Amino acid sequence: MITNVTIKRAVVCLLCIGILSLSVCLLVRPKKEFSENENRYLTKFPSFTAKALLDGAYTETLGDWLADHFPQRDFFVGFKSGAEIACGRKEINHIYVAEDDYLIESYAKPQNTERITDTLVSFYDKVDTSKVDVNLMLVPTAVTVYSDKLPAHAPLSDQTGTAAAIYEASGIPAIDCTDRLLDGASQGQLYYRTDHHWTTLGAYFGYLAYCDAKNMTPVSLDTLTAQTVTDAFAGTLYSKVNDYSRPKDSITIYTNPGDDLTVTYPDTGEVTDSLYNLDYVTEKDKYSLFLNNIHPLVEIENSAASSQDALMLIKDSYANSLVPFLAHHYRKIYVFDTRYYRDGPSSFLEEHSDITDVLILYNMNTLDSDTGIRGIY
């Protein structure tokens, strides 16, 4: 006869077996150092010290380690996020779950606009504008261009108002690509569904705005060779939401058959004839295929350019997918990531009299936190 005591003992026994099995699994299974799905390094097992135990740091880190290395963690994390979305949750980690499978990052007005504009003014004051044409492009993100896809009651973004204030305060002639992007929103996918960057098509509409301002004749997409290099791109927003059932993105690149490129990376000494490193197609960070990820300086020469002009481009990663379009117009492009370039672009400008144009390009969402702003001097 099965009694309540027998059932309780069986339940306790099963729980003990389960706990023991999980403990053994945690100890013997291989430990990953990096979570590709979450795009972050996992917590390392803590070193024991009496001080760490007494002040709580040891147990706190141990708890993080257990959470990060729990068996089948990716499955449970993805299941949790998927269940929350299925139940109607529309914002996770400041990411809106929007229409048409878009994940759209929310926008908070920057707190450091004075510092940003002071830096821009300081740089602009050093440029001899009688010889060099300087422009500033602040790119709106999907929260502005795809505002119609946001969940109901999501607060309206003020990216355009903030950009206008920075344009005015800096005194640098503005190239506002917002209208071009809004007009192009019905013509294709301008932002990735799983990532915060604009797509290559979105960058093309930014390029059209640049050509408008510079009185350049843009290269037609019909004359370029398009290639979809991956359809498995899961970007930064995918990693923040952790809903692993979401559809991935495609990345398309464009090449101009008429260009004759030499691309030099001074920090590594690498020289190539392509603006793309397709080795990244097999990596998690597939967007890094544009301009071969991060380099303090990239020098691009196009012997078949439509002019003998030279461009200095000071930028964040949004510009990486814009460069292939700009390359048609400039004999030389110097691309600066001022997070890592330590000598100051103004000094470089003084030493390179061939530079005729300067473009400063940043996206509005990371403008406030981008440490590269501090490197523009």
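# Chat about a predicted model

Author: In this predicted model, Ser 346 touches Phe 123, Lys 126 and Tyr 377, leaving aside residues up to four places away in sequence.

Reader: Which helix is Ser 346 found in?

Author: Ser 346 belongs to helix 12, which covers residues 345-351.

Reader: And is Ser 346 buried or exposed?

Author: Ser 346 counts as buried, because its relative accessibility is 8% and the cut-off for that class is under 20%.

Reader: How far apart are the C-alpha atoms of Ser 346 and Val 127?

Author: Those C-alpha atoms are separated by 7.4 Å, although Ser 346 and Val 127 are 219 residues apart along the chain.

Reader: Let's move to the helices; at what angle do helix 5 and helix 7 pack?

Author: Helix 5, residues 113-126, packs against helix 7, residues 159-170, at an angle of about 40°, and their axes are 9 Å apart. That angle makes helix 5 oblique to helix 7, and the crossing of the two helices is right-handed.

Reader: Which residues make the contact?

Author: Helix 5 contributes Thr 113, Thr 117, Leu 120, Val 121 and Tyr 124, while helix 7 contributes Thr 162, Ile 166, Ala 169 and Ser 170. Sorted by class, this contact of helix 5 with helix 7 has 5 nonpolar and 4 polar residues, with no charged residues.

Reader: Changing topic, in what order do the strands of the open sheet run?

Author: The open sheet is formed by 7 strands in the order 6-14-12-13-11-9-10, and the pairing is mixed. Its edge strands are strand 6 (133-139) and strand 10 (270-272), each of which pairs on one side only. Ignoring direction, neighbouring strands of this sheet are turned by 15° against each other on average.

Reader: Do strand 6 and strand 14 pair in the parallel or antiparallel sense?

Author: Strand 6 and strand 14, the latter covering residues 357-363, pair in the parallel sense over 7 bridges, and Asn 135 stands opposite Leu 359 in strand 14.

Reader: Which helix lies across strand 6?

Author: Helix 9, residues 200-214, lies across strand 6, strand 12 (310-315) and strand 14, and helix 9 runs at about 150° to strand 6.

Reader: What about strand 11, and how many bridges join it to strand 9?

Author: There are 4 bridges between strand 9 (residues 261-265) and strand 11 (residues 297-302), which run antiparallel, and the bridge partner of Thr 264 in strand 11 is Glu 299. Strand 11 also pairs with strand 13 (residues 332-336), in the antiparallel sense over 5 bridges, where Leu 297 stands opposite Phe 336 in strand 13.

Technical notes. Residues are numbered from 1 along each chain as its sequence is written. This is a predicted model: local features need pLDDT of at least 70, side-chain atom pairs count only at pLDDT 80 or more; totals for chains, interfaces and linings use all residues. Side-chain values use heavy atoms; hydrogens and water are left out. Axes are lines fitted to C-alpha atoms, for helices over the stretch in contact, and angles run from 0 to 180 degrees between N-to-C directions. Angles under 35 degrees count as roughly parallel, over 145 as roughly antiparallel, 65 to 115 as roughly perpendicular and the rest as oblique. A crossing is left-handed if the near helix is turned anticlockwise from the far one by less than a right angle, and right-handed if clockwise. Contact means heavy atoms within 4.5 Å. Ala, Val, Leu, Ile, Met, Phe, Trp, Tyr, Cys and Pro count as nonpolar, Asp, Glu, Lys and Arg as charged, and the others, Gly among them, as polar. Two strands pair if DSSP finds at least two bridges between them. Buried means under 20% relative accessible area, exposed over 50%, partly exposed in between (1.4 Å probe, protein chains only).
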